[in-house]
Amino acid sequence: MANYPADWRYSEEHEWVQVVASEGADEQDVAVIGITDFAQAELGDVVFVELPELGESFSANDEIGTIESVKAVGEIYTPVSGEVVEINSSLEDKPEQVNEDPHGDGWLLRLKMSDADELGSLMEAAAYEEFVGSEE
Amino acid sequence: MATARALERTPLHECHAALGARLVEFAGWAMPVQYSSGIEEHLVVRRAAGLFDVSHMGEIVVSGAGASAWLEWLTPSRLSSLRPGEARYTALLTTDGTYIDDLLVYRFEHHYWLVVNAANTQAVLAWLQQQLVAGVEVRDASREIALVALQGPGAEEILRSLQLDVSRLAPFAFVEAELCGSDVTVSRTGYTGEDGFEIYLAWESAARVWNGLLDGGANAGLAPCGLGARDTLRLEAALALYGHEIDRSVTPFESRLGWTVDLKGADFVGREVLLALRERGFGSRLIGLELGGRRIARQGAPVFAGDAEVGSVTSGSWSPSLEKPIALARVSHRHSAAGGALEVGVRNRREAARVVRLPFYKRRGEEAASEGGATA
């Protein structure tokens with residue numbers, strides 16, 4: 001059912017990472033981060049998303065925010081290290097986008113990655129689908 | 001979900017699977033928490049009608065020549081005024097006046113049903129066995145009697161379209177009837193704050209009636225609803241849930257349920273303690289809070305008045321009707337007045353909270369705020 005893009009990476013905490021190549025040659029790549037379709041279904045109706053401030057820097061696996069649903073609250077952990085360069089401010093008024101389009105309009109934030117090697121420790125789509133298959 | 005442990009299944013398990021329900025463990029049962037979205041299902045019940053499988057609830061049959069007097073002794077309500085065809089929301093209390101369970105008592109011509117919480121069925125049966133007297137028989141019928149709840153302003157019309165006229169059924173009255181070719185017992189009760197019905201029927205009839213209702217109600221907007229919506233609906237209606245607003249540490253007086261207690265009538269288990277409590281007053285009250293912001297204060301969240309911790313949240317969630325976080329909280333008496341400004345600690349932050357009158361949501365034309373519903 002869920003469609004996990006093959007060229008993205010996935011964490012055991014159920015975040016996805018899409019790498020967007022930066023335009024400047026000396027610039028670090030940017031990671032778009034969201035939660036997976038599996039995670040949004042587990043949470044149920046999202047009513048509030050708390051995201052970090054622009055310019056904040058985090059290390060991989062740091063807690064960077066929370067997602068509040070009707071039935072539970074979940075922490076957001078960044079799968080990669082870096083600096084926050086953009087947050088999805090439309091979630092403030094429409095947090096339900098996380099449920100409706102978790103891999104699209106429901107994205108959470110963009111980080112300028114400080115260590116692209118970290119991507120290697122994340123799962124590829126097939127491995128992630130197997131991983132959530134065992135949790136279901 | 002934990003499939004490793006064998007969970008009990010309701011007779012509608014296959015129906016839920018076919019509808020794509022998300023199942024969770026609840027009191028040892030595999031129960032549908034939602035079919036589509038809990039918020040959508042909540043709003044369907046407020047606008048049209050929803051159908052819930054609550055077959056996990058316990059049904060206990062009490063019969064025998066001594067049944068009436070015995071139940072009068074075991075509950076704080078004046079059950080002697082209950083006539084055949086009437087149900088009442090009441091309590092089973094310990095000798096300390098605290099909750100073993102809340103329940104609905106149905107009076108039939110020659111016997112009673114006690115409808116109790118799934119999580120408490122065994123504890124209630126043990127309590128009843130312990131209190132048993134000659135001339136009374138107690139039988140657990142929980143695995144024979146299924147229960148579906150049809151709730152919402154469209155509920156009566158949906159039953160009428162299926163040739164069941166319940167237009168003259170008063171709140172908390174019930175009738176034995178036929179629905180979708182099966183024998184059912186239908187009461188005008190519920191746990192959502194809406195008009196609606198609870199339909200008891202044989203385990204093996206459940207799927208036929210469930211599917212018949214969904215088909216027959218489709219044009220009226222009827223949708224299957226899960227425990228997620230059930231919880232937010234009952235919270236908006238400020239109906240107590242065992243393990244949250246009530247448990248073995250609190251009495252009805254501290255739970256906005258003093259109206260179920262009749263201290264003037266016959267003696268009952270817990271009466272002495274409740275009488276004394278009434279005399280000297282009780283320290284805490286259950287109140288409603290509306291929170292600023294969008295963070296949800298959940299059970300156990302501390303409530304503050306200035307620097308002083310004055311109580312804690314018993315249930316908190318998002319209110320789909322009010323589109324803001326709401327909570328029930330038990331706080332000290334002097335901070336319980338409506339309109340008061342308090343704060344709630346939510347994950348190391350303080351959120352502003354306003355004390356509001358209960359229930360949070362009241363359906364149009366609703367007569368009494370104290371009108372109770374079925375148990376959880």
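This is a predicted model: local features need pLDDT of at least 70, side-chain atom pairs count only at pLDDT 80 or more; totals for chains, interfaces and linings use all residues.
**Entry 1: chain A as a whole**

I began with burial in chain A, where 38% of the 136 residues count as buried; a residue is buried if 20 or more other C-beta atoms lie within 10 Å of its own, exposed if 12 or fewer, and partly exposed in between, with C-beta atoms placed from the backbone. Residues are numbered from 1 along each chain as its sequence is written, and chains are lettered from A and ligands numbered from 1 in the order in which they are written.

I then looked up the overall dimensions, and the C-alpha atoms of chain A fill a box of roughly 45 × 35 × 20 Å along the principal axes. The radius of gyration of chain A is 14 Å, which agrees with the value near 14 Å for a compact globule with 136 residues; this radius is taken over C-alpha atoms, and the globule rule is 2.2 Å times the number of residues to the power 0.38.

For contacts I used the rule that two residues touch if their C-beta atoms, placed from the backbone, lie within 7 Å. Among the contacts in chain A between residues at least 6 apart in sequence, 63% join residues at least 24 apart.

**Entry 2: the elements and a sheet of chain A**

I found three helices and nine strands in chain A, where helices (H or I, at least four residues) and strands (E, at least two) are DSSP runs numbered from the N terminus. Along the sequence they follow the pattern β-β-β-α-β-β-β-β-β-α-β-α.

I followed one open sheet of chain A, in which three strands stand in the order 4-6-7 with antiparallel pairing; two strands pair if DSSP finds at least two bridges between them. Strand 4 (46-50) and strand 7 (73-77) of chain A each have a single partner strand and stand at the edges, so one side of each is left without a neighbour in the sheet. Neighbouring strands of this sheet are turned by 20° against each other on average, direction ignored, with axes fitted as lines to C-alpha atoms, for helices over the stretch in contact, and angles running from 0 to 180 degrees between N-to-C directions.

Strand 4 of chain A is joined to strand 6 (residues 63-69) of chain A by four bridges in the antiparallel sense, and I located A:Val46 with its bridge partner A:Ser69 in strand 6.

**Entry 3: where the chains touch**

I turned to the contact between the chains, which takes seven residues from chain A and eleven residues from chain B. The side of chain A that touches chain B has three nonpolar, one polar and three charged residues, where Ala, Val, Leu, Ile, Met, Phe, Trp, Tyr, Cys and Pro count as nonpolar, Asp, Glu, Lys and Arg as charged, and the others, Gly among them, as polar.

**Entry 4: a sheet and a helix of chain B**

In chain B I looked up an open sheet of five strands, which has the order 6-7-8-5-9 and antiparallel pairing. Its edge strands are strand 6 and strand 9 (137-140) of chain B, each of which pairs on one side only, and its neighbouring strands are turned by 25° against each other on average, direction ignored. Eight bridges join strand 6 of chain B to strand 7 of chain B, and B:Ala87 has B:Tyr106 in strand 7 as its bridge partner.

I next listed the buried residues of helix 3 (residues 67-74) of chain B, which are B:Ala67, B:Trp70, B:Leu71, B:Glu72 and B:Leu74. These buried residues pack against strand 5 (58-63), strand 6 (86-93), strand 7 (99-107), strand 8 (111-116) and helix 4 (121-131) of chain B.

**Entry 5**

I compared notes on two hairpins. Strand 2 (residues 22-26) and strand 3 (residues 29-34) of chain B run antiparallel and are joined by five bridges, with B:Arg22 opposite B:Gln34; two residues lie between these strands, and B:Ala27 takes a positive phi near 50°.

Strand 19 (residues 341-346) of chain B is joined by two bridges to strand 16 (residues 302-305) of chain B, where B:Phe304 stands opposite B:Glu343. Strand 19 also pairs with strand 20 (residues 349-356) of chain B over six antiparallel bridges, and in their hairpin, again with two residues between the strands, B:Arg347 takes a positive phi near 45°.

Last, I checked B:Leu19, which is found in the loop between helix 1 (13-18) and strand 2 of chain B. B:Leu19 counts as partly exposed because it has 16 C-beta neighbours inside 10 Å, and, not counting residues up to four places away in sequence, B:Leu19 touches B:Tyr35 and B:Pro224.
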